[in-house]
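I opened this model to look up its chains, its strands and a few single residues. My entries follow in the order in which I made them.

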Protein chains: 2
Amino acid sequence: MESSNNNSTPTEPTTTTTEVEDESKSKGGKKARGLKTPKGTRDYEPDQMKIREKVFSKITTCFKRHGAVTIETPVFELKETLTGKYGEDSKLIYDLQDQGGELCSLRYDLTVPFARYCAMNRVKTIKRYQIGRVYRRDNPVMNRGRFREFYQCDFDIAGDYDLMVPDAEAVKLITEILTELNVGNFKVKINHRKLLDGMFALCGVPADKFRTVCSSVDKLDKTPWAEVRKEMVEQKGLPEEVADKIQPFVIQSGHPLVLLKKLQDEKQLETDPSAKQGLYELSVLFDYLNAMGCIDNVLFDLSLARGLDYYTGVIYEAVLTDPNQVGSIAGGGRYDDLIGIFGSTKIPAVGFSIGVERVFSILESKAKKDANFRVTDTDVMVASIDKGMVKERMKICSELWSAKIKAEFLPKENPKLPAQLSYAEQSKIPFAVVIGGREVEQGVVLVKNLGTRQQDTVPRDKLVETLRQKIDEYYKSLPESPY
Amino acid sequence: MESSNNNSTPTEPTTTTTEVEDESKSKGGKKARGLKTPKGTRDYEPDQMKIREKVFSKITTCFKRHGAVTIETPVFELKETLTGKYGEDSKLIYDLQDQGGELCSLRYDLTVPFARYCAMNRVKTIKRYQIGRVYRRDNPVMNRGRFREFYQCDFDIAGDYDLMVPDAEAVKLITEILTELNVGNFKVKINHRKLLDGMFALCGVPADKFRTVCSSVDKLDKTPWAEVRKEMVEQKGLPEEVADKIQPFVIQSGHPLVLLKKLQDEKQLETDPSAKQGLYELSVLFDYLNAMGCIDNVLFDLSLARGLDYYTGVIYEAVLTDPNQVGSIAGGGRYDDLIGIFGSTKIPAVGFSIGVERVFSILESKAKKDANFRVTDTDVMVASIDKGMVKERMKICSELWSAKIKAEFLPKENPKLPAQLSYAEQSKIPFAVVIGGREVEQGVVLVKNLGTRQQDTVPRDKLVETLRQKIDEYYKSLPESPY
């Protein structure tokens, strides 16, 4: 599916190496001079990875709850696989150098590789998710979450199923995921390509201009009507009176059942067969979404058009509605012809893509405010008081690792106790096991709760049991994570 | 770290598009004609992904148990970042096409990007793991697990720590991971670059030939001595009498403590300062491995040399020792100078890489023999007997999804009951909830155990509770997974 990561006007990639968004500058000069990742890419730091892991785990849980399987495709495809699938955006595709052999390009999204996969393996039906990075030579705006290498989380149902049944499940799943991710209030805007086409026809737009007018209309969420109108008239050659007819349609949005009834009552759209069919399909979809209990998360929005050419039916886009939110966070729709382009059999499909980079940013801000956030999972710091105890620490750690307890020791021969405990504190490790010559002699260890400072002397052979109990109690006492 | 995936002699990439290992042929013509992934790459199918997920989860658990954090770096780096790091293998690097802007290359391993990351962010100490795909324009041998795009699981400890302490933890961790993965018997072969260098010096190898002789010696695990000798003499210009002196050294291998004592007693190697230092460091390492309880998994092997230039100290390679096993499955060692190349500060480091593609193959074979193996996690199939019940199925599914129960329904308006149950059977879904007009009227549902055929009539408002209990019992009754 098209990512919400790339929903601005495509611009020519810059051809200089000047970095508008140089990472080495954005972090205040802490970075070493001259070293960098390629333009538009970034490293994920350990704390970011911790959050990402949680996001992926939540999303994956939702996908699996619906019985989805997952696949993985190569990061590059044969160039010809991607050719002719992305319209104007094709210029943003990264090509591999011709080093002899096949011509290849980095994948631009996960949808076209999925279509290639289905056709190649003669898959007739599949409900699959895929999480992976995609590549676009776009102008990066790193601090607004727009990268040249970024993650997409895709879900698609391919197969010759009944009208709007898989479509309804896809929309339902978006609402489940966004609820679970706890990113604030949202709405799933819905529209239908057939309804748009019918609407354009009624306004007098020539059929060969439907898709390009779609692209203009799609900008209405960020651009005032006057500008969009100008683009349609001046750049796309639409007569002024035609452009003016479009406005009263596309400014309409509202609760699906309410707006649908209004449009049906007005009977104007139903005079066009395509619009009529679109309205009928939407009525079926809304009925299903009602049954699935998610209709109130949905907004029927006649200005929603989506950028990509391959959509053939219902289209949707999830937006965050709280103040200061970035807007689009997921998008998708029905594309019944894409798989057929690769194979001999037409296989209808519907799906969506979650723009997770934005989710990461939102949850990163939340994690920063969470006093209990930590990067490692270590539960026990194994420390020593006296010198010459590195092998004792190794033995205890090995015993804990065997018992599946997460434990660390400082990789020094004779570290000072304060250094060991301060490492534990920095890492927010909740417990320490401390030994000295006397403890080894007496066959005991000290178990220290580093939060409460409580300290117990525990026989060596009760260590694992004691720690398990204490760790268990510790996690039960923690407040729920806010992100 | 260098991957065990690429341990054969590098050969020139072919420059024709003829596919020796065409996937469309290898699966017996089931695939659509003309469609393929690029040479040396493949799709992971849903059943393969299921196994991969388990492998990654087990490996990640081990990494985290040792307090490791994770990072992610871009799939491509600036070309100059990779230049001069891989010696002869540099010709296997994939370059991106120059489309204006920076020159970039796909990453060849995860070690050089990690070193760039540490230098760029002025990281002084880090224990990190990273799981990701790397790219090599090698000759693929797909059915032996050698790909151009393949996964590596890397673990490294960077920082100025004490002699052999992090090295010992890395070896210990390899033994933990291979034990947990349940891939059969294994040994971690260990050697030391300083010992090798000293040995070569004693044999009369000129210092500027140490590294290239290393490469030849490294082939001894697959190639007979006579051939390796020939390569050293004819290709690398070593005098015959020098080559002959090498053999008695490199044929030695054995239990670390036994072989170490033998070499120390012989006193021959200790006459060279580098060899003496190597032996001393190994004695410290073996002492630590003994304390950590994994010395019996280790083999001290004087023929182990490792291919890459950047190793500076201890080197190791894990091999599977059961009959018909593929051999090398992990490798690594100490590289004290690599991070310093990128920055101004020398930061010593040690680490390893697990060649997981081989692990996948081994576990795939095991999974094929497991009657309980299934690809989806769905616990409940929601089915209907009568027509016109699609919204009822949607309602029940939504209720189950809200209760975090994994449920599916067939995306058809009026599917036949046998079709729904046969889908459930194929997917090995353990339970079905079945409704008809009568059940809806009476406010009940039928809950069917699809294995035992037991069927209960359950009040609609007890459905979630009943299913939770049944699902719980079902999983408790399952035998432990054999893979």
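**Entry 1: chain A overall.** I counted 17 helices and 16 strands in chain A. Helices (H or I, at least four residues) and strands (E, at least two) are DSSP runs, numbered from the N terminus. I note that this is a predicted model, in which local features need pLDDT of at least 70 and side-chain atom pairs count only at pLDDT 80 or more, while totals for chains, interfaces and linings use all residues. Residues are numbered from 1 along each chain as its sequence is written, and chains are lettered from A and ligands numbered from 1 in the order in which they are written.

The C-alpha trace of chain A spans about 95 × 55 × 45 Å along its principal axes. I found chain A divided into domain 1 (4-368) and domain 2 (380-477); such bounds come from an automatic or database domain assignment. The C-alpha centres of domain 1 and domain 2 of chain A are 50 Å apart.

Of the 483 residues in chain A, 48% are buried. A residue is buried if 20 or more other C-beta atoms lie within 10 Å of its own, exposed if 12 or fewer, and partly exposed in between, with C-beta atoms placed from the backbone. I also looked at contacts, where two residues count if their C-beta atoms, placed from the backbone, lie within 7 Å. Among the contacts in chain A with a separation of 6 or more, 70% are between residues 24 or more positions apart.

**Entry 2: strand 5 of chain A.** I checked burial along this strand and found 10 of its 10 residues buried. A:Glu149, A:Tyr151, A:Cys153, A:Phe155 and A:Ile157 point one way from strand 5 of chain A, and A:Phe150, A:Gln152, A:Asp154, A:Asp156 and A:Ala158 point the other way.

For its partners I used the rule that two strands pair if DSSP finds at least two bridges between them. Strand 4 (residues 126-135) of chain A pairs with strand 5 of chain A in the antiparallel sense over 10 bridges, and A:Ile126 stands opposite A:Ala158. Strand 11 (residues 349-354) of chain A also pairs antiparallel with strand 5 of chain A, over six bridges. There A:Ile157 stands opposite A:Val350.

**Entry 3: positive phi.** I looked up A:Met164, which has a positive phi of about 70° although it is not a glycine. A:Met164 lies in the loop between strand 5 (149-158) and helix 5 (165-181) of chain A. Is A:Met164 buried or exposed? A:Met164 is buried, with 26 other C-beta atoms within 10 Å.

I then looked up B:Lys267, another residue other than glycine, whose phi is positive and near 60°. B:Lys267 lies in the loop between helix 10 (256-266) and helix 11 (273-291) of chain B. B:Lys267 counts as exposed because it has 9 C-beta neighbours inside 10 Å.

**Entry 4: A:Ile396.** I placed this residue in helix 14 (residues 390-402) of chain A. A:Ile396 has 22 C-beta neighbours inside 10 Å and so counts as buried. Not counting residues up to four places away in sequence, A:Ile396 touches A:Val382, A:Val433 and A:Ile435. From A:Leu110 it is 286 residues apart in sequence and 47 Å apart in space, C-alpha to C-alpha.

**Entry 5: the sheet in chain B.** I traced an open sheet of nine strands with mixed pairing, in the order 1-4-5-11-10-9-6-8-7. Strand 1 and strand 7 (253-254) of chain B stand at the edges with a single partner strand each, so one side of each has no neighbour in the sheet. Strand 9 (residues 314-320) and strand 10 (residues 328-334) of chain B run antiparallel and are joined by five bridges. The bridge partner of B:Ala318 is B:Ala330 in strand 10 of chain B.

Helix 13 (residues 356-368) of chain B packs on the sheet and touches strand 5, strand 10 and strand 11 (349-354) of chain B. Its direction makes about 120° with that of strand 5 of chain B. Axes are lines fitted to C-alpha atoms, for helices over the stretch in contact, and angles run from 0 to 180 degrees between N-to-C directions.

**Entry 6: the two chains.** I found 80 residues of chain B in contact with 80 residues of chain A. Helix 14 of chain B gives the largest share of the side of chain B that touches chain A, six residues. That side divides into 32 nonpolar, 19 polar and 29 charged residues. Here Ala, Val, Leu, Ile, Met, Phe, Trp, Tyr, Cys and Pro count as nonpolar, Asp, Glu, Lys and Arg as charged, and the others, Gly among them, as polar.

A rotation of 180° with 0.0 Å of shift along its axis superposes chain B on chain A, with RMSD 0.0 Å. The two copies are therefore related as by a two-fold rotation axis. The superposition is by least squares on the C-alpha atoms of residues with pLDDT of at least 70 in both copies. Because 100% of the interface residues of chain B are also interface residues in chain A, the copies meet through the same surface.
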